[in-house]
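Dear colleague,

Please find below the structure that I am handing over to you. My notes on it follow directly after.

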Amino acid sequence: MPSTVTDMTDSIATLEPALAQLPPTPRPSLEALRFMVAERSDPAETLNTVIRLIQEYIRTDVCSVYLLEPDRTHLVLAATRGLRPESVRRVRMSLQEGLAGLVAQESRPIAVEDATRHARFKYFPETGEEPYHSFVGLPLLDRGLLQGVLVLQNEAARSFSREEIAGLMETVLPLGPIVSEVRRIEQLIAPDFERLYGLSRNLWWCWDMAAEELFHALNPERWHQLDHNPVALIAEIPLFELEERIDRHVLSGAINQCCRRLQEYLRNQDSWGDTHAGVLGARPVAYFSAEFGLHESVPVYSGGLGILAGDHIKSASDLGVPLIGVGLYYGQGYFHQYLDQDGWQHEDYLDVDAVQLPMEPATDSDGQPLMISIDTRTGTLSALVWKLTVGRCTLLLLDSDVPENNEQDRELTARLYGGDARTRIRQELLLGVGGIRALEALGISPGVVHMNEGHSAFAALEMARRRMQTEGVDFWEAMLRVARRNVFTTHTPVPAGHDRFTTDLVEEHLGPLRDALGLSHDALMGLGRVEPGNPGEKFCMTVLALKMSRRSNGVSALHGRVSRSMWRDLWPARPAPIGHITNGVHVLSWLAPQMRILYERHFGPDWVRHSAEPQVWSAIDRLDDGELWETHQVLKARLLDFVRHRVTGQETRRGATAAVIEELRRSLNLDTLTIGFARRFAEYKRGNLLLADLEALDRLVNNPQAPVQILFAGKAHPQDSIGKGILRTIDQLSRDPRFAGKIVFVEDYDMNTARHLVQGVDVWLNTPRRPLEASGTSGQKVVLNGGLNLSVLDGWWAEAYDGRNGFSIGNGATHTDQARQDAHDGAALYRTLLQEVIPLYYRRDTDGLPHAWITRMKRSIRTLGWRFNADRMVKDYVMKCYLPAAGGVSSDMSRD
């Protein structure tokens with residue numbers, strides 16, 4: 001049955017004529033209602049009385065009032081007769097969601113025969129509104145300004161005539177001034193709550209120490225249980241209780257200060273980007289990535305690629321670089337990990353409640369939720385577009401779980417990196433083609449498209465199609481024009497990291513787009529092949545991205561060389577045009593609060609804005625050794641407490657005895673050299689390199705004068721049996737009596753666990769087979785917090801290590817025999833530990849401080865902190881890629 005939406009008529013009279021048509025009932029006059037508002041001190045009681053009277057007048061099952069919040073972008077349920085009373089003050093919606101939001105957004109009455117069938121229907125389970133079908137929403141206006149929305153609901157589905165709507169508008173017309181008066185006397189939504197909620201909706205809070213502490217103070221236990229999700233936390237605290245907690249903890253001043261600082265941040269017109277990236281203001285960077293690691297409460301990431309993308313968008317925000325992120329919304333995120341009794345990894349996928357995330361649907365020009373669609377040979381794929389705010393930047397996420405798709409396609413974006421090749425190509429079609437269409441629908445014309453890994457390479461084809469339409473050129477000319485605007489970053493030298501698809505999958509999914517491009521099937525396949533005419537070669541997304549971009553880069557100096565060698569056959573007549581921009585990490589996301597306080601005291605209050613400048617970090621040499629060491633020890637103690645808590649919980653679930661649990665509670669010593677190893681358990685990362693000689697390991701961890709303890713964490717890909725086997729070996733070793741409580745594995749590695757580890761370890765261990773680590777960034781996070789790196793000279797460490805700012809495993813030499821290489825590196829690892837790391841850590845002066853170790857900590861911070869942070873990285877992308885691609889450089893003699 002179709003929905004009926006009726007517009008407001010021009011003729012609206014006063015309240016009395018409408019009431020005169022109702023059955024005789026005792027009714028207060030308009031003046032009496034106004035007097036009631038003026039006399040009563042409780043606005044909530046006043047509103048309840050008013051809606052009770054309105055409900056009796058109109059004889060409806062449900063009568064509710066939603067008030068417009070002070071920011072004029074959200075509605076909150078302020079009073080109801082018919083819905084559950086406990087939903088008052090807890091149901092909140094933006095003007096872009098829900099039918100009530102649509103009424104407010106358009107400031108007109110809307111009547112719907114069956115609300116559940118309307119495109120803007122949003123279900124709020126806490127209201128108990130399941131029995132009610134018909135919906136009438138009426139805007140409450142005062143002197144032309146929206147004050148709120150009155151909603152009438154009935155169990156029976158029914159349509160409404162224009163005359164009925166006009167009569168209802170006449171009835172409720174006087175409520176606008178009354179509601180305005182209620183809001184004036186005492187805003188129902190407390191200002192502190194409003195400010196807190198506003199803070200929670202911009203992910204800026206997750207790298208602002210004071211803002212995060214505000215949410216923690218509201219309820220520390222629930223804050224941790226909810227994965228540090230402020231939206232979920234605030235949603236479950238009734239307003240009266242929230243106000244009481246704010247008063248009890250004296251948070252009003254801190255809330256005001258955080259909000260003021262956020263507004264200053266958002267309005268700042270003196271950023272680095274304003275000076276250096278002005279051309280991008282009109283045509284921003286569109287940054288495509290299959291995952292974004294912004295915070296553990298937004299689980300649309302799995303590992304390093306996503307964390308890098310999250311850090312990239314945060315630094316772009318800090319620098320004021322106009323950038324729009326484009327990705328996919330994974331309804332179940334990446335898997336939660338747990339180990340069984342035998343140490344084998346199992347994966348749990350849990351549904352993520354989008355309502356509990358700081359995002360809202362992007363809307364089209366008509367104010368409707370934005371949907372995009374893509375034709376394939378076997379049907380149409382559709383997706384809803386979500387919008388998140390990340391500081392000054394926006395992130396768009398495409399979600400295939402919409403009614404327009406069949407059941408299989410609704411699950412398409414459920415899981416990150418799940419499913420088979422057909423699932424993967426459909427996800428990448430949504431990301432690339434769908435992402436470009438979402439930008440176009442929002443009126444965003446990017447000056448640069450940055451494809452972060454090959455997953456989004458189909459974006460280049462969609463851009464070419466648009467160029468052909470708008471400029472009347474053929475595909476090959478469009479390809480040249482598009483390539484000038486494209487930037488491509490490749491992240492892995494491992495062959496399995498480059499997606500490849502068979503010819504039938506490409507034709508099924510790219511067929512309609514190929515037709516629009518005017519290409520033959522062989523021509524399209526050739527774009528994804530190193531040898532275009534080789535029918536036995538699959539279509540490679542990396543090859544497509546390289547061919548469709550004029551600026552391509554690896555993510556470290558060594559990786560740039562490896563990438564040029566890997567793809568040299570694409571340019572047989574000249575060197576492969578692949579450069580490098582070494583990855584960096586977002587300083588405030590990974591810097592411990594205690595270290596930030598230390599830096600602010602010694603580097604100056606504005607040091608973060610200049611964190612990519614080497615002179616800022618030179619102040620570390622003037623820092624007292626004792627102060628730096630004491631701060632590190634505080635962080636280490638915090639880490640060990642965290643690990644003990646997590647591990648005792650794991651072992652309790654696995655049925656460990658009380659004696660074992662008690663032993664784990666007393667395990668791990670603050671005075672013991674602590675090594676951390678946490679990353680994806682892929683074979684080439686060699687998480688078991690340290691475990692090859694158990695006798696030597698026994699002597700290492702059980703040395704009574706100079707013991708070592710090792711913390712492991714990380715996930716293996718669900719289909720990686722070798723990685724799972726390595727993980728199982730570590731778990732079983734942690735149960736060996738020789739190593740119990742000294743070698744520990746922490747389940748379910750995520751950003752929260754990573755923060756504790758990189759902020760608290762003494763040494764960060766990295767053991768990849770050179771040159772298979774493209775960059776790696778976890779060790780860079782350790783640098784910021786005073787830890788030292790012990791790593792193979794691969795990725796970023798190959799260009800960072802200077803002999804005095806950490807430790808190296810081997811000298812960078814590699815052997816063609818993999819087994820011999822592993823043996824050489826294993827021996828070098830033990831040699832470095834026994835001859836350099838352990839003696840230096842335990843060498844104490846008369847005051848008990850390891851001064852030589854602290855000297856190395858300081859040198860690590862001073863020489864690496866400015867180079868390997870994301871501000872420097874984003875500046876490099878802007879100056880060397882984005883501005884040239886957007887035509888925003890004043891001098892460029894290269895031929896593009």
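Predicted model: local features only at pLDDT ≥ 70, side-chain atom pairs only at ≥ 80, totals over all residues.

Is arginine 843 buried, partly exposed or exposed? Arginine 843 is partly exposed, its relative accessible area being 47%; here buried means under 20% relative accessible area, exposed means over 50%, and partly exposed lies in between (1.4 Å probe, protein chains only). The residue sits in the loop between α33 (818-842) and α34 (851-864); helices (H or I, at least four residues) and strands (E, at least two) are DSSP runs, numbered from the N terminus. Beyond its neighbours within four places in sequence, arginine 843 is in contact (heavy atoms within 4.5 Å) with Leu849, Pro850, His851 and Ala852.

Residues are numbered from 1 along each chain as its sequence is written, and side-chain values use heavy atoms, with hydrogens and water left out.

Overall form

The secondary structure of the protein amounts to 35 helices and 26 strands. Along the principal axes, the C-alpha atoms fill a box of roughly 95 × 70 × 55 Å. Of the 896 residues, 59% are buried. Among contacts between residues at least 6 apart in sequence, 71% join residues at least 24 apart. The protein exposes about 34800 Å², of which carbon and sulfur atoms supply 50% (Shrake-Rupley method with a 1.4 Å probe; for residues, only the protein chains shown count as cover).

Helix α18 (residues 475-485) has Phe475, Ala478, Met479, Val482 and Ala483 as its buried residues. Seen down the axis of α18, these fall within an arc of 135 degrees, so they line one face of the helix; the arc is that of the directions from the helix axis to the C-beta atoms. The buried residues of α18 pack against α17 (458-471), β16 (486-489), α19 (503-517), α20 (521-527) and α21 (541-547).

In helix α8 (residues 209-218), the residues Ala211, Leu214, Phe215, Ala217 and Leu218 are buried. Down the axis of α8, the buried residues fall within an arc of 160 degrees, so they too line one face of the helix. An α-helix has 3.6 residues a turn, so residues three or four places apart point the same way.

Backbone details in loops

Which residues other than glycine have a positive phi? Serine 107 is one of them, with phi near 50 degrees. Serine 107 lies in the loop between α4 (98-106) and β4 (110-112) and is partly exposed at 30% relative accessibility. Histidine 228 is another, with phi near 55 degrees. Histidine 228 belongs to the loop between α9 (220-225) and α10 (230-235) and is buried, with a relative accessible area of 7%.

Finally, the peptide bond from arginine 770 to proline 771 is cis, with omega near 5 degrees. Proline 771 is placed in the loop between β24 (763-766) and α31 (778-784).

With kind regards
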